[in-house]
Amino acid sequence: MTGDVGKRGYHAMIFPAPGQKLQPIDRPLPIPSAGEILIEIAACGVCRTDLHVQDGDIPAHYPIVPGHEVIGRIRQIGPGVTGFQLDERVGVPWLGFTCGTCDYCLRGEENLCDRPQFTGCTRDGGYASHIIADARYCFLIPARFSDAEAAPLLCAGLIGWRALRIAGEGKRLGLYGFGAAAHLLAQIALWQGREVYAFTKPGDQAGQDFARQLGCQWAGGSDELPPVALDAAIIFAAIGPLVPIALKAVRKGGRVVCAGIHMSDIPGFPYADLWGERSIASVANLTRQDGIEFLAAADQAGIHPVVETFPLADANIALGRVRDGQTHGAAVLIMSGAF
Ligand SMILES: [Zn+2]
Ligand SMILES: [Zn+2]
């Protein structure tokens, strides 16, 4: 089955090497191999992980097209693909491939696969007009979300969802770092009937107002203690010193979940702060099952992703705003009209 793609090229932004800015590039349009689909991209979210790829904080393959919150429509289908049709809208997440044969894959923990490929990190991602994806890792997207709204669901939302599951069933949930992921997760947690306590950079009044507008019980600086002890806290900011701070905010038996792929070093702290069966956990990647469950929950909950859109050509500006914490909600690159 082949769509009428023609012999056009495609346009992308790449990181040539660690520590460099994005540069535009044109390449021949690839043809999907067995199991793959060619997607014309409509929108791609900008994630903090893209900054870690830019900075060389995590192992990536350069040159690389970043972006792992990809929304687009299928324009060509490779041999052997099932379950997708031409022109259907799909999302491409961070988890781009797993080996299927390592101990983790066999245990159903594909998020921990020993030989994975990650979109926008070890295989080319969505800061582009087109992407080739392994169809088995793509998701159908609920119709209620526009392309721009749907993009941040694919990492910010999904990783948040997995973190929430690891945080447990507790009612009082703290979120440290109120960016793209937290603003989506807060809406899900509130829909589940939880109380959400939002922690921003000290003095970030606008961020705290944003959290309260979304329905959070309380919002304050990360240097403040919440008015009640928390059942769990999730840390989205890449700031290691927040770990002992969050431990002080959770009750006995409470859990602190680190949701980022990279964090600065965690400083030493008294064992007494961990005592009382408090625990610290990290969240790595996602499984396809996480994606299916989260997208259904986001649809049911009717969450409203708040997005700030940029043309692809302004991707360096968008990255800068995410780096400086200037976006409320999620930054999203829009491809239409960019070529
Ligand atoms: Zn594996
Ligand atoms: Zn991400």
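**A friendly note on this predicted model**

1. On one side, helix 4 brings Gly157, Leu158, Trp161 and Arg162, which meet Asp290, Gly291, Phe294 and Ala298 of helix 8. Sorted by class, this contact between helix 4 and helix 8 holds four nonpolar, two polar and two charged residues.

2. Next, look at how these helices cross. Helix 4 covers residues 156-167 and helix 8 covers residues 288-301; they pack at an angle of about 105 degrees, and their axes are 9 Å apart. Because angles of 65 to 115 degrees count as roughly perpendicular, helix 4 is roughly perpendicular to helix 8.

3. Now step back to the domains. The protein splits into domain 1 (9-154 + 306-334) and domain 2 (157-282). Their centres, taken over C-alpha atoms, are separated by 27 Å.

4. Where the domains touch, 14 residues of domain 1 are in contact with 13 residues of domain 2. On the domain 1 side, helix 1 (residues 48-55) gives the most, with three residues. That side comprises seven nonpolar, five polar and two charged residues.

5. Finally, the core. The largest nonpolar core has 109 residues, and Leu175, Ala198, Ile234, Ile235 and Ala246 touch the most other members. At least three residues of this core come from each of domain 1 and domain 2.

6. Leu175 is worth a visit in the viewer. Apart from neighbours within four places in sequence, Leu175 has contacts that include Ala182, Leu185, Val196 and Phe199. Ala198 and Ile234 are also among the contacts of Leu175.

Definitions and conventions: Residues are numbered from 1 along each chain as its sequence is written. Chains are lettered from A and ligands numbered from 1 in the order in which they are written. This is a predicted model: local features need pLDDT of at least 70, side-chain atom pairs count only at pLDDT 80 or more; totals for chains, interfaces and linings use all residues. Axes are lines fitted to C-alpha atoms, for helices over the stretch in contact, and angles run from 0 to 180 degrees between N-to-C directions. Helices (H or I, at least four residues) and strands (E, at least two) are DSSP runs, numbered from the N terminus. Angles under 35 degrees count as roughly parallel, over 145 as roughly antiparallel, 65 to 115 as roughly perpendicular and the rest as oblique. Two residues are in contact if their C-beta atoms, placed from the backbone, lie within 7 Å. Ala, Val, Leu, Ile, Met, Phe, Trp, Tyr, Cys and Pro count as nonpolar, Asp, Glu, Lys and Arg as charged, and the others, Gly among them, as polar. A nonpolar core is a set of buried Ala, Val, Leu, Ile, Met, Phe, Trp, Tyr and Cys residues joined through C-beta atoms within 7 Å. A residue is buried if 20 or more other C-beta atoms lie within 10 Å of its own, exposed if 12 or fewer, and partly exposed in between; C-beta atoms are placed from the backbone. Domain bounds come from an automatic or database domain assignment.
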